[in-house]
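Open the model in your viewer and keep the sequence beside it. This tour tells you what to select next.

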Amino acid sequence: MDVSNVLAAHAAKFQSVAVEKDTPLEVDAGYLLVTDLNSIDEEAYNENLEEHLQSLARDGVQSLFTTLFNLPTRPSPDGPLAQLPPPIYQLPRAKPLPKPKPPTKWERFAAAKGIQKKVKEKRVWDEEKQEWVNRWGRDGKNKEVEQAWITEVPLNADVDHDPRKIARDARKARMAKNVKQQTQNIARAAGTNSRQEKKQEIEKTLASARISTASMGKFDKKLEGEKKVRGVKRKFEPTENPISNEMKASLDLLSKMESDHKKMRKAPLPEDADLNVRKAVRFASKGRGGVALGREVAGGGRSSRGRGGGGGKKGRR
């Protein structure tokens with residue numbers, strides 16, 4: 001019996017599954033990555049680019065599926081799942097590796113004393129409730145006294161003794177202590193000395209308070225060990241200066257005076273005006289302003305007309 005035709009038909013049926021390349025494709029099942037290191041067929045690329053790209057994509061996907069179907073599987077509600085191996089290709093990092101954190105104060109002390117770190121369990125056994133409860137957080141074991149419906153009070157306790165408040169304050173104090181230690185560890189890791197910063201801030205505040213008196217702290221009582229405040233030294237120009245420096249200083253002074261004068265003026269004066277109106281009004285009103293001067297002039301005119309006319313209804317005898 002000749003079965004060559006049957007075998008040929010069977011081979012032709014599965015011919016599309018085989019991928020033959022001069023250089024075998026590299027398949028990284030961990031990343032589902034296929035790398036084709038073969039050179040590009042220039043003739044097929046120029047003849048039909050779309051067909052050539054589809055052929056390359058088909059070969060890569062077929063090699064990937066062949067590798068995945070050869071991997072061990074595990075059952076799941078959605079069907080068998082392939083267990084991917086660890087990746088082979090090393091992908092570059094988008095960011096540099098994080099620097100190792102410096103050890104905290106407690107970690108240095110534990111390393112010096114040989115203390116081993118023990119991780120506490122998140123749940124503990126409650127003998128009264130006969131069940132596992134949280135160590136911290138909601139309904140935690142650390143809030144047992146605060147949430148108890150009855151508590152024992154010592155005989156020598158004060159009248160306003162509140163065990164719940166004492167337990168809550170102690171827990172809040174422990175939380176504040178932990179936050180403070182965490183802040184100190186962060187500052188120590190960043191290389192900053194919080195104590196030195198506080199000292200500098202106190203010295204700066206003290207220096208500002210010294211010069212807050214009328215005598216600028218000259219007659220104030222000095223503290224023991226108090227340092228002398230160093231003020232800003234005056235800088236004197238040399239006796240002999242080049243002419244260019246003197247000219248520049250004079251021009252700067254004139255420009256400053258002109259800018260200040262422009263700021264003081266609200267309205268520009270006409271070019272042919274020889275009288276400074278604002279100065280004349282200020283002189284005539286004795287510094288009270290133009291409104292006060294106008295009222296004085298208007299009031300004086302009415303009073304003079306009343307005294308001179310003699311036609312008033314009321315008069316003094």
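**Start at Lys180**

Select Lys180: it is exposed, at 53% relative accessibility (exposed means over 50% relative accessible area, buried under 20%, partly exposed in between, with a 1.4 Å probe and protein chains only). Lys180 lies in helix α6 (helices are DSSP runs of H or I, at least four residues; strands are runs of E, at least two; both are numbered from the N terminus).

This is a predicted model: local features need pLDDT of at least 70, side-chain atom pairs count only at pLDDT 80 or more, and totals for chains, interfaces and linings use all residues. Residues are numbered from 1 along each chain as its sequence is written, and side-chain values use heavy atoms, without hydrogens and water.

**The whole protein**

Zoom out. The protein has 10 helices and six strands. Buried residues make up 8% of its 317 residues.

**Salt bridges**

A search of the whole structure finds eight salt bridges (a side-chain nitrogen of Lys or Arg within 4 Å of a carboxyl oxygen of Asp or Glu).

Select Glu146 and Arg171. They form a salt bridge, with the closest N and O atoms 2.7 Å apart. The pair links distant parts of the chain: Glu146 is in helix α5 (residues 144-147) and Arg171 in helix α6, 25 residues apart. Glu146 is buried at 16% relative accessible area. Arg171 is buried at 11%.

Now select Lys21, Asp36, Arg58 and Asp59. Salt bridges with shared partners join these four into one network. Within it, Asp59 pairs with Arg58, the closest N and O atoms being 2.7 Å apart. Asp59 is buried, at 11% relative accessibility, while Arg58 is partly exposed, at 32%.
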